[in-house]
Amino acid sequence: MRPAPDRGPGAAHPAPWLLPAVLVLAAFYAVPVLDVARLAVSDATLVRPASGFSTQALRAILTDPALPQVLGTTLLFVAVNVVALQLLGLLIALTIARGERRGLHGMAAFRTLVLAAWVVPGIANGLIWSMLFDEAPYGTLNSLLAYVGAGPVAWLSDPRMALVSAVIANLWQGTAFSMIVFYAARRGIDPTLYEVAALDGAGPWRVFTAITLPLLRRAIAVNTVLVSVQTLNTFDSILALTGGGPGRATEVLSLFTFNTVFYNLDLAGGAVLALLLFVIGMGMTLAVLAAGGRGEA
Amino acid sequence: MKPTLLMAALAAAPALVPLPAAAQDLVTRNRVGLADAPNTLTFRLTAYDLYSSDPATSEAFEDLFSDFIEARPDWKIETQLQTGNIGQEQARLLQQTQAGRGPDCAMIDSSRLALFKDTGVLQPMDMVFSEDDVADLFPYVREAVTNEAGEVLAWWWFTDLRVLYRDTSVVPEAPQTWAEAQEAGLAAVEAGREGLLFNGGRWEGTAFDWLANFWAQGGELVDADGAPVFAEGENREKMLAAIAYYQNLVESGASPRRVTAIDDYDAFTAAAAAGTASMFVGGNWQYGQLRATLPEEQFANWAVSELPGPAPDQRATGTGGWTIAALSEDEEKRRLCGEIVKEIYAGPGNAAQGLLPTSAAIYDQYDAYDGAEYDLFAEALENGVARPGAAIYPEISNQIQIMLGNVLSGTAEPEEALDAAAAAVQAAYDRQ
Amino acid sequence: MSRARLGDLASYLLLGVLAVFFAVPFAWLVSLAIRTPAEVYRGAARFIPEAPTLDNFRTILSDPAFLIYLWNGLKLSTAGAALAVALAIPAAYACSRIDFRGKAAVLLGLLAVQMISPLVLLVPLYRWMSALGLLNRDLSVIAVYGALGMPLAVWLLKIAFDAIPKELEEAASMDGASRPRTLALITLPLARSGIASAFILAMVMNWSQFLIPFILLERDADWPISVAIFNFAGSISASTTQLLAAACLIAVLPAVAVFVALQRMIVTALIAGAVKG
């Protein structure tokens, strides 16, 4: 570390600045979090408090023959979503930013539409998408496909297609987040850089790869982490769409946890799964930050 | 500080929102009776009746509750709503009751009743229900609501069952057996309709509707101690036979492949309204919905019959519904809880909604049950089977849903799917 | 020039296609919301109802409890988001401007808070809030929202602060301004766009939270709309799906209104930011 003047940037003690955040976390969050760790090594259920230390839940969950399939589904679901959500979010954010610079109409309306999809109550998701994906002869998407002579597609009854459909429904609801993050980050880029590029006669692709993308790298890395963690914990849209089926085809880890706690009332098992979710989330975060944020704090 | 100011402003603002104008009204959003009544009973109910968003239903129950409380001016009932999220609601109710924060009286889904009984939180209501009342209950209901000492721990106030709906213009004769059902399905497909529709998605309805086929053979999910035995001995053969029935339906084309995506009874009503359906395994409550949705001449074609069995004399149907139980130890409150059931729900409440009563006497008492369909329902209820009163049932159901989904979508063979289900249920049972 | 026009055309084409993708599900929700109970069961078979009606919206809006639920939702989610951003500002500033050992660990530790599945945390949380005597108080939900939303806000604000040149602050500090003063007078106004984004994201995530208020608030008069909406899902014998759809549509509006209002803030921040360049 380089020596810095007393009051200059980089030299104060961080403690007072971090104190409010730490205090709130400690007051409301620390005890419950420690409790989760304690429950994971107990035999607690929702109807029976823990009677003592036990690694039974830990062993039972980790040796559950269904776990590998659930983990595989989870990783696939998260990976596809993280890529798709961000590509779509980036595309929209940059197109809107460009449109605004050019004074095009309807940009705010479009952004609002995307955001509205995000705030639709989860229960509506089930109503809407079950009609769209309905595989009855009169189902919406299949009827549309029939007009153009395609289909029908087994949207939800085919195990592999069901996962694709779950991704589509999640894209509809979740794109807004990445869009807002990227839009704000794009706005944060100094416009003079683009003016200079324009003077140099750089084409749009060159501007994108030489200015926009490198300067958005930080935002992309952070957003990847946030979106991964969110997607990892997503279960309500899948619950509404397929319930995890057919069979276990769309049962992701968070839905598995939900079933363990609320269906099976197995609190200890749920706590083990919560810790597993935590470990996976942490692992992904470290991997993303190592790959994307190299050399930066 | 800005945030504190903001919060103070937010906290003060509810005064601006108009509250329910309910000065003299006996029924408000969270209370039945007068605010200054000395005694209070807390009652947790679903949003299906008194607070239903269907005006006809809520008005009928407002009248019933008003009459009830007018006869007891010393009491007020503080009502607490439970949302339609049954799993989470019932888990929360159990948590609160064990923490001493639960209501005095609550509605409990019949599928969770065994769990509540096991945990010992239910308080007897014998002072309200006579031996005759109990004797008049359908057998499966009587068994579920009483304990070994014969005490009434809850009252199952309405039930439901599954039947086979068919469009008589394509399926004139009611299929009596699995084989006939498959033939009828193929014939309907030939006639340009969808075949036999049933729940095959990942939800409770799939397991419960299908279990009728297992029960029709005399199969047992759990033994007398509540331990899972569905994949052992004769039960195993019966399971495999019932799986084969559904598998054959789908693979022969007598049922469309889309059944593995059906996780809602409304899908059948929609298919009937669209004119694509020929037969479906539905709930008794759908009869009224069909009548309201279909044009009269189209509705006239629809008929209900008992679910087909492996043989004409082997029949069963799954029965569900809701119960009401006392959670308070206070004798007066237990009594009041029981009286709410007796005077409001079991009887007039059944009739107001067209829900099936749980004792034979009530069917004769109300005109609402004059329709011919109720004769069939009552007859089918003779073969009614409730979910087993075992805490492991939810996991058994979960595993059956997975098993059927995997088999019907061609992901697994019946034997291996059954073995996987049995192993998973056993693992969960060992840790209960 | 014509090349720019071509770009405009491409933009419209792209957004047009995407607009269809985002709008079609809403169209179906509207279709459900204007149906009579009898037509609800027609499901996907009929898009435009034979007898469209606005009665469902009238029923929902004339229910005084619905407005209270909406208000509760708005109150809890904005207060929770405000708390999250208020806590995050000093923390993000420290992470952006102060060199200290373990910074990476702090940032990572904050993220870890988000990674603990609320599904399981809820039971201990219920017990802890009960022990603190905060059960059934808005404060409990707001505090949890604040804790849950803060990590995200810290990360986003750090990006925003990083984008502001340090030289501007150094000039202020040479003029004798203290660090908190510099933050309030120089940094925060310049970071308005980032702050607004962080607030929107935190608010919207709170807006759709179900489990936390469901467990911590036991009286239905305290429920936000995200919990209370399930009341419209129910009736055993009659259909209320049309009411549920109408309720869902109305429930979207307050969050969108806040978003539109804050959108202006983002745009003004842009203008303010342009001056510095």
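Me: I take a helix to be a DSSP run of H or I of at least four residues, and a strand to be a DSSP run of E of at least two, both numbered from the N terminus. With that in mind, what share of residues 105-127 of chain C is helix, and how far apart do the end C-alpha atoms lie?

Reply: This is a predicted model. In it, residues 105-127 of chain C are 87% helix and 0% strand, and the end C-alpha atoms of the span lie 29 Å apart. Residues 139-161 of chain C are 100% helix and 0% strand, with end C-alpha atoms 30 Å apart.

Me: Which residues of chain C does UniProt list for "transmembrane region"?

Reply: The unreviewed UniProt entry lists residues 12-34, 66-93, 105-127, 139-161, 182-204 and 243-262 of chain C under that name.

Me: How should I read the packing of two helices, and at what angle do the axes of α7 and α9 of chain A cross?

Reply: Two packed helices are described by the angle between their axes and by the distance between those axes. In chain A, helix α7 (residues 159-187) and helix α9 (residues 204-232) have axes that come within 10 Å and cross at roughly 160 degrees. Angles over 145 degrees count as roughly antiparallel, so α7(A) is roughly antiparallel to α9(A). Their crossing is right-handed. On the α7(A) side the contact is made by F177(A), S178(A), V181(A), F182(A), A185(A) and R186(A), and on the α9(A) side by L216(A), A219(A), N223(A) and V227(A). By class, the residues of this contact are 7 nonpolar, 2 polar and 1 charged.

Me: α7(A) also packs with α4(A). Is the crossing of α4(A) and α7(A) left-handed or right-handed?

Reply: The axes of helix α4 (residues 107-119) of chain A and α7(A) come within 7 Å and cross at roughly 120 degrees. This angle makes α4(A) oblique to α7(A). The crossing of the pair is left-handed. From α4(A), V114(A), L115(A), A117(A) and W118(A) take part, and from α7(A), W172(A), Q173(A), T175(A), A176(A), F177(A) and M179(A). The contact of α4(A) with α7(A) has 8 nonpolar, 2 polar and no charged residues.

Me: Turning to chain B, how many helices and strands does its secondary structure come to?

Reply: Chain B comes to 17 helices and 10 strands. Its C-alpha atoms fill a box of roughly 65 × 65 × 55 Å along the principal axes. For 432 residues, a compact globule would have a radius of gyration near 22 Å, and the 24 Å of chain B agrees with this.

Me: At what angle do helices α7 and α9 of chain B pack?

Reply: Helix α7 (residues 178-190) of chain B and helix α9 (residues 233-252) of chain B pack at about 20 degrees, with axes 10 Å apart. Angles under 35 degrees count as roughly parallel, so α7(B) is roughly parallel to α9(B). α7(B) passes α9(B) in a right-handed crossing. W178(B), Q182(B), G185(B) and L186(B) of α7(B) meet Y245(B), N248(B), L249(B) and S252(B) of α9(B). This contact has 4 nonpolar, 4 polar and no charged residues.

Me: How are contacts between chains read, and how many residues does the contact of chain C with chain A take from each?

Reply: The size of an interface is often given as the accessible area lost when the parts come together. Here the description is by residues: 88 from chain C and 83 from chain A. On the side of chain C that touches chain A, α1(C) gives the largest share, 14 residues. That side divides into 66 nonpolar, 14 polar and 8 charged residues.

Me: How many residues of chain B are in contact with chain C?

Reply: 42 residues of chain B are in contact with 35 residues of chain C. Elements that each supply at least two residues of the chain B side include the strand β3 (75-82) and the helix α3 (86-98). The largest share, 6 residues, comes from α10(B). The side of chain B that touches chain C divides into 21 nonpolar, 17 polar and 4 charged residues.

Definitions and conventions:
Residues numbered from 1 in each chain as written. Chains lettered and ligands numbered in written order. Predicted model: local features only at pLDDT ≥ 70, side-chain atom pairs only at ≥ 80, totals over all residues. Axes fitted to C-alpha atoms, helices over the stretch in contact; angles between N-to-C directions. Parallel < 35°, antiparallel > 145°, perpendicular 65-115°, else oblique. Left-handed = near helix turned anticlockwise from the far one by under 90°. Contact = placed C-beta atoms within 7 Å. Nonpolar A, V, L, I, M, F, W, Y, C, P; charged D, E, K, R; others polar. Rg over C-alpha atoms; globule rule 2.2 N^0.38 Å. UniProt positions renumbered as here; feature names shortened; annotations may be inferred.
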